[in-house]
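Visitor: I'd like to zoom in on one part of this model, the charged side-chain pairs. Could you walk me through them?

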Amino acid sequence: MPPTMDDLSTIDHEDVLAEVEKRTGHVLDRSRAHYSRYNGTAGFPTSAGTWLRLAWVRPGAFSAQSWTGLEASVALHGIPRPEWIAGATWYDHGREVVWRADEMSRASAPALSPNGTIDRDPGLTDTWWSDLRTALGTLARYETGRVCVQQSHLSQRIAEVYGDQVDTTVSEWACAHGDVGYANLTASPLTILDWEDWGMAPVGWDAACLWSASLAVPTLADRVLAEFADVLDTRAGRLSRLLLCANVTRAHRRTGKAGPLTPAMEATAPTLLTALA
């Protein structure tokens, strides 16, 4: 794999880590670093028993939504999530990027998967499912000016794949995490990770994301549908699932390559279109 800023493990960035340590006063445990291969982020345990998330952005691609999500999440109470402690930002003239280091409390258990999907049933307890329903229900009642999923995006993407078969107007909105998948969930106890993009979304969006992430294990996907039927069986919930189906089909058409979720998504879409008609 060629060196790239999208995977910091492939490039020399010791100077950046030294700057993080200078600004936080904590030593990073490089031996237990977690690097994303795709979005240029990295995470490190610290000598203070906390977790440090490192990210970068090109100045011309700055998004206040994701850039401030972690610190904005301090407004959310009663939800099992890491507690944001402090953040630091600085401009790197040599790389022409802005770095951001966020320190937060460390989850007591690892994520259920290194990526968003899962290929086996993790055997989650009834208590875990109840705790997740309660957490997402609590989150949904918050009011915020942050936007996670825009109406224009949902309508455009669905129309691009399925035409004008259905009215895509969403009338029910709620606060959502935005990326509920198994890379952002822990078990024993439940913690919901990565709060960069939380904000308003169609009712059922978080449950729809979890359903999508579960499709490789049909019994698990069915469990999600049953546990969150109250939101997934709404019009907004069906539109959320249809948007996810559209995203997968669009990628299939663009690349000519079917992903592991493509068959299940393309089999589900006609049922959703019929229900929404």
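Visitor: Let's start with Glu21: which residue does it form a salt bridge with, and how far apart are the closest N and O atoms?

Guide: Glu21 pairs with Arg30, with 2.8 Å between the closest N and O atoms. A salt bridge here means a side-chain nitrogen of Lys or Arg within 4 Å of a carboxyl oxygen of Asp or Glu. Arg30 is partly exposed, at 31% relative accessible area (buried is under 20%, exposed over 50%, partly exposed in between, with a 1.4 Å probe and protein chains only).

Before going on, a bit of bookkeeping. The model is predicted, so local features need pLDDT of at least 70 and side-chain atom pairs pLDDT 80 or more, while totals for chains, interfaces and linings use all residues. Residues are numbered from 1 along each chain as its sequence is written, and side-chain values use heavy atoms, leaving out hydrogens and water.

By that rule you get 14 salt bridges. One of them joins Arg23 to Glu19, at 2.7 Å between the closest N and O atoms. Both sit in helix H1 (residues 14-24), 4 residues apart, so about one helical turn separates them (helices, H or I, of at least four residues and strands, E, of at least two are DSSP runs, numbered from the N terminus). Arg23 is partly exposed at 41%, and Glu19 is also partly exposed, at 21%.

Then there's Arg100 with Glu71, at 2.5 Å, N to O. That pair links distant parts of the chain: Arg100 is in strand E5 (residues 97-105) and Glu71 in helix H3 (residues 69-72), 29 residues apart. Arg100 is buried at 6%, whereas Glu71 is partly exposed at 31%. Elsewhere, shared partners tie Asp126, Arg133, Arg223 and Glu227 into one salt-bridge network.
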